[in-house]
Amino acid sequence: MRQRRLIGARFSMFVCAAFLVCYVFLTVPIVATDDESASDRKGPLSEMAGKLFACDFEVFGIVQGVFFRKYTQKQATSLGLKGWCMNTRDGTVKGQMEGEAKPMNEMKHWLQTKGSPTSRIDKAVFSEMKEIAKYSFNDYSIKR
């Protein structure tokens, strides 16, 4: 019995130490050293900030008659994207979106995994993101 208490106490200490390391790792800011500045550590998304991209998409599954286009318009607008979406004769929803890389990627994830509350997404297909000089659309609209 005494051995079990010792093992339990050691395990508890290990868990507390692991938690402390994770807490410090996640909360302490990374500070640049003398030989590198913060501007030297740009990631790929920071290099794309401010640039505009366009992408076509098609979503398959139960996406018609479930307010999928309306929720898509609401989500795209909330992310600051512009473009359009529409139902197809094949039972899918197609569309285009334009905007900066980060919100575009968030919208792609939303189209692949969430959609409207009563939709069922089987698959979402996206064209390659192409850089554009300026927006082609004024807002995000639903085509009929």
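The following questions and answers concern a predicted model of a single protein chain.

Q: What pattern of helices and strands does the chain follow along the sequence?
A: The chain of this predicted model contains 4 helices and 6 strands. Read along the sequence, these elements follow the pattern α-α-β-α-β-β-α-β-β-β.

Q: What percentage of the contacts with a separation of 6 or more comes from residues 24 or more positions apart?
A: The contacts in question join residues with a separation of 6 or more in the chain. Among these, the share of residues 24 or more positions apart is 75%.

Q: What percentage of the residues in the chain is buried?
A: The chain has 144 residues and exposes about 10,500 Å², of which carbon and sulfur atoms supply 57%. A residue counts as buried if its relative accessible area is under 20%. Buried residues make up 27% of the chain.

Q: Which residues does M107 touch, not counting residues up to four places away in sequence?
A: M107 is one of the residues with the most contacts inside the largest nonpolar core. Leaving out residues up to four places away in sequence, M107 touches T72, Q75, A76, L79, L81 and M97.

Q: How many disulfides are found in the whole structure?
A: A disulfide is a covalent bond between the sulfur atoms of two cysteines. The chain includes the cysteine C55, which is buried because its relative accessible area of 1% is under 20%. C85 is likewise buried, at 0% relative accessibility. A search of the whole structure gives a disulfide count of 0.

Q: Which two residues form an aromatic pair, and is F68 buried or exposed?
A: The count of aromatic pairs comes to 1. The pair is tilted, with 6.1 Å centre to centre and 40 degrees between the planes, and its members are F68 and W110. At 1% relative accessibility, which is under 20%, F68 is buried.

Q: Over the ring of which residue does the charged end of K123 sit?
A: K123 lies in strand β4, residues 120-126. Apart from residues up to four places away in sequence, K123 touches E58, V59 and F60. The charged end of K123 is 4.7 Å from the centre of a ring, and that ring belongs to F60.

Q: Is K123 buried, exposed or partly exposed?
A: K123 and E58 are 65 residues apart in sequence, while their C-alpha atoms are 8.4 Å apart in space. The relative accessibility of K123 is 46%. Because this value lies between 20% and 50%, K123 is partly exposed.

Q: How far is K82 from the ring centre of Y135?
A: K82 lies over the face of Y135. The distance from K82 to the ring centre is 4.4 Å.

Q: What is the phi of F67, which is not a glycine?
A: F67 is found in the loop between β1 and α3. F67 is exposed, because its relative accessibility of 60% is over 50%. Although F67 is not a glycine, its phi is positive, at about 60 degrees.

Q: How far apart are the C-alpha atoms of V93 and A124?
A: V93 has its place in strand β3, and its relative accessible area of 0% makes it buried. Leaving aside neighbours within four places in sequence, V93 is in contact with residues including F57, V59, F68 and C85. V93 and A124 are 31 residues apart along the chain, and their C-alpha atoms are separated by 9.5 Å.

Definitions and conventions
Residues numbered from 1 in each chain as written. Predicted model: local features only at pLDDT ≥ 70, side-chain atom pairs only at ≥ 80, totals over all residues. Heavy atoms only, no water. Helix = DSSP H or I, 4+ residues; strand = E, 2+ residues; numbered from the N terminus. Buried < 20%, exposed > 50% of the residue type's maximum accessible area, 1.4 Å probe, protein only. Contact = heavy atoms within 4.5 Å. Areas by Shrake-Rupley, 256 points an atom, 1.4 Å probe, with all protein chains shown as cover. Core = buried A, V, L, I, M, F, W, Y, C linked by side-chain atoms within 4.5 Å. Disulfide = S-S within 2.5 Å. Phe/Tyr/Trp six-rings, centres within 6.5 Å; stacked < 30°, edge-to-face > 60°. Lys NZ or Arg CZ within 6 Å of the ring centre and 35° of its normal.
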